[in-house]
Amino acid sequence: MPVSLYNTMSRKKEVFEPLVPSTARLYCCGPTVYNYAHIGNLRTYVFEDILHRVLEFNGFKVMHVMNITDVGHMTSDADDGDDKMQTAALRENKSPWEIAKFYEDAFFLDTSRLNIIKPQVTPRATEHVVEMIELIQRLEANGYTYVTTEGVYFDTSRNDDYGKLARLQLENQRTGRNEVVADETKRNPSDFVLWFLNKPTHIMKWESPWGPGYPGWHIECSAMSIKYLGETFDIHCGGVDHIPVHHTNEIAQSECATHAPFVKYWMHGEFLLMNGGKLSKSKLTQQTNDQRPKISTLQTMIDAGYDPLSYRYLCLQAHYRSELNFSLEALDASTAGLRKVYSLRPETDPLAGDAEAYQTARRRVLDAMNDDLGVPQAVGILNSYGSYSLWAEFDAVVGIDFVKRAKTTDVELPAEVLELIAKRNEARKTRQWAASDALRDQLIGMGYEVGDGAQGTTVKSRSL
RNA sequence: GGAGCCGUACCCAAGUGGCUAAGGGAGCGGACUGCAAAUCCGCGAUUCACCAGUUCGAUUCUGGUCGGCUCCUCCA
């Protein structure tokens, strides 16, 4: 079965046929590095990683680009007109560049902990201002812009198919909530800024043909994707929230500048919900009265004793186009499930020695994955077979370090551990159950699994 | 006001116009055992929010009701 992907543009699953045979050119909207990524953000990067891996598994060479938004944009989460990067800089008494570097590093640490393959190119917005200005100039030459005291605007009324991705009906769009101050200099409510002007308090600024200022939010993705992948490329990903504004505007400005179709397949990941709603970066630092550990970033999850791959595994069990209800109960369930996967051994592989059965099973898993990244189904099939070799092969997509974690031979135990085992056996012999249980807990705390069977006590290192 | 999504067992969750509605966790029963933990085996929705309609047949299609979520404002 060929790879088919759900295209937001057509609202249908389509067979993936790249513009250049066997090469998939993929652009994913990356993080704005003014705070830690929360686990909802990370879910989207797991989805994009799965896409990357499924394409590679099917023999495509993947050219993966993801931007780092290190330039602030107007308005904070509270809509008070502050720039996020600048607000963070003031809060932490650092320069915006220091803030950006710090959270960029934190972001890549998180993604590597989740076994997310790093895109080959991760361009920073601040290093591509020249490309953005050139793109705006192309738009200007084509007659799609106008300048006000606030900045250079894209005139959406000149773009006939503006809003085609989101199927917007512009006349029915709200002009904004009451508390949002409307920009009076815009000609149309849907017009958006390409280049901000006259912002004296803004720290990050660049010279431009229109005066000193800084780029609008959307232009960086157009400029950098075009630079690294060409004026038309295969797949563009992001969260569902990007459909109506960010991606809509990217399409408008890109296609009006190049007069070429921008992207062939648009893919969007659904939100992770917590307590029935989405997470917000601006609320990461808020306190809670909840007795249970509050999980918002990957680090808080790790601090609460969870393995990042438990979270990855949880994400894999829900389809990327469905909302996922996060809870500690769900995370516990995925941890227990993953532990069981790691306990598979080649010696008890039900498919061992039966090449035909293996191929049938392999086909089923691959078909599920290739059907719009049906990874939840694929994982279900993998679980129903319980085959070491099948998991080992598909770990290329699943990415849970299967072979490494599901150790085939147990490592030699350190003397300290052997001593504890001896002490525990002694305690068991004399029926001192409390003492022996305490020793077992100690071993578990040190990362070992203790089991008492008919052949005596076995101790092996835990992988989770 | 507009656009879109969702509602499947205790929890997470996949899926389909008609074979037994995946998988994981929890739970229960059993084996083993220290009436323990770990492990292993078995069981689990006569039913897919509700009400109509289309159909020989709907959880799956259409319409409505109720409930929830997202976007239209920076956002994964």
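**Exercise 1. Where is His259 found, between which helix and which strand?**

Keep in mind that we're working with a predicted model.

Step 1: His259 sits in the loop that links helix H6 (243-258) and strand E10 (263-269).

Step 2: Look at the backbone. His259 isn't a glycine, yet its phi is positive, at about 60 degrees.

Step 3: Check the surface. His259 has 59% relative accessibility, so it counts as exposed, given that exposed means over 50%.

**Exercise 2. Work out whether Leu373 is buried or exposed, and say where it lies.**

Step 1: Find the loop. Leu373 lies between helix H10 (355-370) and helix H11 (375-385).

Step 2: Take the backbone angle. Leu373 is not a glycine either, and its phi is positive, about 55 degrees.

Step 3: Apply the cut-off. Buried means under 20%. Leu373 comes in at 3% relative accessibility, so it counts as buried.

**Exercise 3. Show why the buried residues of helix H2 line one face of the helix.**

Step 1: List them. Helix H2 covers residues 84-92, and its buried residues are Met85, Gln86, Ala88 and Ala89.

Step 2: Look down the axis of H2. These buried residues fall within an arc of 160 degrees, so they line one face of the helix.

Step 3: Ask what that face meets. The buried residues of H2 pack against helix H3 (96-113).

Step 4: Follow the chain on. After H2 comes Asn93, with a positive phi near 55 degrees.

**Exercise 4. Sort out the sheet that holds E11, E12 and E13: what is the strand order, and which strands stand at the edges?**

Step 1: Write down the order. The three strands run E12-E11-E13 in an open sheet with mixed pairing.

Step 2: Pick out the edges. Strand E12 (277-278) and strand E13 (324-326) each have a single partner strand, so one side of each has no neighbour in the sheet.

Step 3: Zoom in on one pair. Strand E11 (residues 272-274) and E13 run parallel and are joined by three bridges. Leu272 stands opposite Leu324 in E13.

Step 4: Helix H1 (residues 39-57) lies across E11 and E13, and it runs at about 160 degrees to E11.

**Exercise 5. Say how chain A is divided into domains, and how many Å separate the centres of domain 2 and domain 3.**

Step 1: Chain A is divided into domain 1 (4-272), domain 2 (281-405) and domain 3 (415-461).

Step 2: Read off the separation. Taken over C-alpha atoms, the centres of domain 2 and domain 3 are 30 Å apart.

Methods. Residues are numbered from 1 along each chain as its sequence is written. Chains are lettered from A and ligands numbered from 1 in the order in which they are written. This is a predicted model: local features need pLDDT of at least 70, side-chain atom pairs count only at pLDDT 80 or more; totals for chains, interfaces and linings use all residues. Side-chain values use heavy atoms; hydrogens and water are left out. Buried means under 20% relative accessible area, exposed over 50%, partly exposed in between (1.4 Å probe, protein chains only). Helices (H or I, at least four residues) and strands (E, at least two) are DSSP runs, numbered from the N terminus. The arc is that of the directions from the helix axis to the C-beta atoms. Contact means heavy atoms within 4.5 Å. Domain bounds come from an automatic or database domain assignment. Two strands pair if DSSP finds at least two bridges between them. Axes are lines fitted to C-alpha atoms, for helices over the stretch in contact, and angles run from 0 to 180 degrees between N-to-C directions.
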